[in-house]
Amino acid sequence: MECLAICCQKSHDPIVLPDGESILLGRGPLTRITDKKCSRNQVQLTANYARKEVQVTQLGNNSSSVGGKTLNKGGSVCLGPGGTFCILGDHYRHFIHFNATTSLGRNDAEGEPSAKKARYDTLSDSDEDHLTSEDLEDIGREFGQEMVEKIQKTNKNKDDSNKNAKKEDLITSRSVLKDSWEDIDQKLIVFTRSGIKARSKIAGFDLDSTLITTQSGKVFAASITDWR
């Protein structure tokens, strides 16, 4: 049996996780991660072949994530076959694979890549968003239906995030062509200066006793000029 940590973006070769041995992953040549926010010892992976699980422990100062949930420094989670983790935040995603036969990425006697390596290439090609139905069938045969469902769920979350981002961009790009007043439900009158770009967030400030106060020192102004 062999346990592998496989990069979903195919940025490096599968990493072998020996039984009971702790492997440190982070910034460096093994993962080809160059982001300085990622520690050289960002996460620790310890495989347990008998239980078919890998313990992922967060070591770096910046968080990692496991199964879409944030993992902070000192935190530890166990993953079974097909479980996913991201080395830094939601970036550099990998999944766990227990292989009962030959290693992914090894060549056969004639020097040709193994069938499993070919399927790994299919899984990792470019980006998971571009996987075809045939690709998903190959992944299902090799890694199980659970892996297919994980990929489909991840892609759906990405689609939802992209839709929200596009909506945000649309709001930001809007601008008022001329000065205007707006009466909202006869309860609030809003003035908008021409050229103002719309934003999804605003800052509001109280006026009395915050931005201005009375010159007289009284709680309430004595006249319309009693302010500073």
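Which residues make the nonpolar surface patch of about 380 Å²? W181, I189 and F191 do. A patch takes residues with over 30% relative accessible area and no salt bridge, joining nonpolar side chains (Val, Leu, Ile, Met, Phe, Trp, Tyr) within 5 Å and like charges within 9 Å. Areas are Shrake-Rupley with a 1.4 Å probe, and for residues only the protein chains shown count as cover. A salt bridge is a Lys or Arg side-chain nitrogen within 4 Å of an Asp or Glu carboxyl oxygen.

Ground rules. This is a predicted model, where local features need pLDDT of at least 70, side-chain atom pairs need 80 or more, and totals for chains, interfaces and linings use all residues. Numbering runs from 1 along each chain, and side-chain values use heavy atoms, without hydrogens or water.

Now the rings. There are two aromatic pairs, with Phe, Tyr or Trp (six-membered ring) centres within 6.5 Å; planes under 30 degrees apart are stacked, over 60 edge-to-face, the rest tilted. Y49 and F98 sit 6.0 Å apart with planes at 85°, so they are edge-to-face. Y49 is in the loop between β4 and β5, F98 in β10, so the pair ties parts 49 residues apart in sequence. Strands are DSSP E runs of at least two residues, numbered from the N terminus. F98 is buried at 9%; buried is under 20% relative accessible area, exposed over 50%, partly exposed in between.

W181 and F191 form a tilted pair, 4.8 Å centre to centre, 45° between planes. W181 is exposed at 63%. F191 is partly exposed at 35%, and lies in strand β12, residues 188-192.

Technical notes:
Helix = DSSP H or I, 4+ residues; strand = E, 2+ residues; numbered from the N terminus. Buried < 20%, exposed > 50% of the residue type's maximum accessible area, 1.4 Å probe, protein only.
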